[in-house]
Amino acid sequence: MLRRALYSWAFNRKAWATDPPEEWQVALDWMQRHSLPVSELEEPNVLRRGLDALCRKVDGAAAAAKTVNRKKAAANEVFGAAVERGYFTQNPLNGLRWTAPEVAEEVDPDCVPNSAQVARLLAAVRALPGRGPHLYAFFGCMYYAGMRPA
């Protein structure tokens, strides 16, 4: 409910012409009561807690390292805009010592299909109409040359 209220009304200027539905207003009121003042975002411990929260998905499970890096970059952009608008004299993230989780560059062998599975997959791709033969060559090269999308 909170996510819907934020995306559909609070972060949507066009929706501000009307009052939010009552259930959204309840969620927005809760968010206002539980949000920190902007000035507290200059505290290193508060920032670390926020960055640590980027390392978790909504369900509480650990987020992928690339996701964390993308979210941290977005947070950095938000702080840059806040500096530009005068909320901060400098980006609070600039001097913060925090280490993001490492990006796993290894291939999990359990995720790689065996040769029989690849042969069946490639045969199915080649049978596709249109670009099937092109995709057959593309995926065949990827598998047999050991190439990875990364």
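This is a predicted model: local features need pLDDT of at least 70, side-chain atom pairs count only at pLDDT 80 or more; totals for chains, interfaces and linings use all residues.
Mentor: Residues are numbered from 1 along each chain as its sequence is written, and side-chain values use heavy atoms, with hydrogens and water left out.

Trainee: What makes up the secondary structure of the protein, in helices and strands?

Mentor: Helices are DSSP runs of H or I with at least four residues, strands are runs of E with at least two, and both are numbered from the N terminus; by that rule the protein has 6 helices and 0 strands.

Trainee: Why is H1 called roughly perpendicular to H2?

Mentor: The axes of H1 (residues 2–10) and H2 (residues 22–34) come within 9 Å and cross at roughly 100°. Angles under 35 degrees count as roughly parallel, over 145 as roughly antiparallel, 65 to 115 as roughly perpendicular and the rest as oblique, so H1 is roughly perpendicular to H2.

Trainee: Which residues of H1 and H2 meet?

Mentor: Contact means heavy atoms within 4.5 Å, and on the H1 side Leu2, Arg4, Ala5, Leu6, Ser8, Trp9 and Ala10 meet Trp24, Ala27, Leu28, Trp30 and Met31 of H2. The residues of this contact divide into 10 nonpolar, 1 polar and 1 charged, where Ala, Val, Leu, Ile, Met, Phe, Trp, Tyr, Cys and Pro count as nonpolar, Asp, Glu, Lys and Arg as charged, and the others, Gly among them, as polar. Leaving aside residues up to four places away in sequence, alanine 10 touches Ala5, Trp16 and Leu28.

Trainee: Why does phenylalanine 79 count as buried?

Mentor: Buried means under 20% relative accessible area, exposed over 50%, and partly exposed in between (1.4 Å probe, protein chains only); phenylalanine 79 has 10% relative accessibility and therefore counts as buried. Phenylalanine 79 lies in helix H4 (residues 65–84), and, residues up to four places away in sequence not counted, it touches Leu41, Leu47, Phe88, Asn91, Pro92 and Leu93. Of the 150 residues of the protein, 21% count as buried.

Trainee: How does the radius of gyration of the protein compare with that of a compact globule?

Mentor: The radius is taken over C-alpha atoms, and the globule rule is 2.2 Å times the number of residues to the power 0.38. A compact globule of 150 residues would have a radius near 15 Å, but the protein has 23 Å.

Notes:
Axes are lines fitted to C-alpha atoms, for helices over the stretch in contact, and angles run from 0 to 180 degrees between N-to-C directions.
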